[in-house]
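I opened this notebook to record what I looked up in the structure, one topic at a time.

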Amino acid sequence: MKSSQDSQTITLFSKPEAGKVEQTITSTESGRVKFQGSYWPAQFYYPDSHLSANPEEVVTIVGRQGITLLVVPKGSPLPGEFSSNAPIQSDKDDLRSAEWSQRLSSRLSVLLKLKRSDDGDRYLFQA
């Protein structure tokens, strides 16, 4: 059986990840986040922060204490234990970026197939 001290131990993850708030988190109240397809109790890593995270907002998950995930609001500084404080992207951001890259690539290939007409007034598509 685990001691109560085990549930008080803070474990930081090897890299911060994004989660979505399902139940409001404040500096005084724990909430709930969706992370890796499951719902978890969550609280702020910095308990003295006077912020709140509302449902549908993205937060950065930095670790856990027992089964409670420790989070910081997206865009807030990460704990000093992380070597890089670069902004964390969510899976949704990655998908959006991939979609835009694909759209840009297809439009660029169309532009490369355009040829200016002899009179210079219009472009002709060349197959």
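In what order do the elements of the protein chain run from the N terminus on? I read the order as α-β-β-β-β-β-β-β-α-β-β. I noted two helices and nine strands in the protein chain. The model is predicted, and I kept that in mind throughout.

**Entry: the chain as a whole.** I looked up burial and found that 24% of the 127 residues of the protein chain count as buried. The chain exposes about 9,300 Å², of which carbon and sulfur atoms supply 52%. I then turned to contacts with a separation of 6 or more, and recorded that residues 24 or more positions apart account for 50% of them.

**Entry: the nonpolar cores.** I asked which residues make up the largest nonpolar core. I listed 11 residues: V21, I25, V33, F35, A42, F44, A53, V59, I61, L69 and V71. At least two residues of this core come from each of β3, β4, β6 and β7 (68–73). Another core, of five residues, lies apart from it, and I noted Y45, V62, L70 and L78 among its members. As background, I recall that nonpolar side chains in soluble globular proteins tend to be buried together.

Entry: I located A53 in strand β5, residues 52–53.

**Entry: positive phi values.** I looked for backbone exceptions, since most residues other than glycine have a negative phi. Q36 has a positive phi, near 55°, and is not a glycine. I placed Q36 in the loop between β3 (31–35) and β4 (38–44). With a relative accessible area of 62%, Q36 is exposed. E56 also has a positive phi, in this case near 80°, and is likewise a residue other than glycine. Where does E56 lie? I found E56 in the loop between β5 and β6 (58–65).

Methods. Residues are numbered from 1 along each chain as its sequence is written. This is a predicted model: local features need pLDDT of at least 70, side-chain atom pairs count only at pLDDT 80 or more; totals for chains, interfaces and linings use all residues. Side-chain values use heavy atoms; hydrogens and water are left out. Helices (H or I, at least four residues) and strands (E, at least two) are DSSP runs, numbered from the N terminus. Buried means under 20% relative accessible area, exposed over 50%, partly exposed in between (1.4 Å probe, protein chains only). Contact means heavy atoms within 4.5 Å. Accessible areas come from the Shrake-Rupley method with a 1.4 Å probe; for residues, only the protein chains shown count as cover. A nonpolar core is a set of buried Ala, Val, Leu, Ile, Met, Phe, Trp, Tyr and Cys residues joined through side-chain atoms within 4.5 Å.
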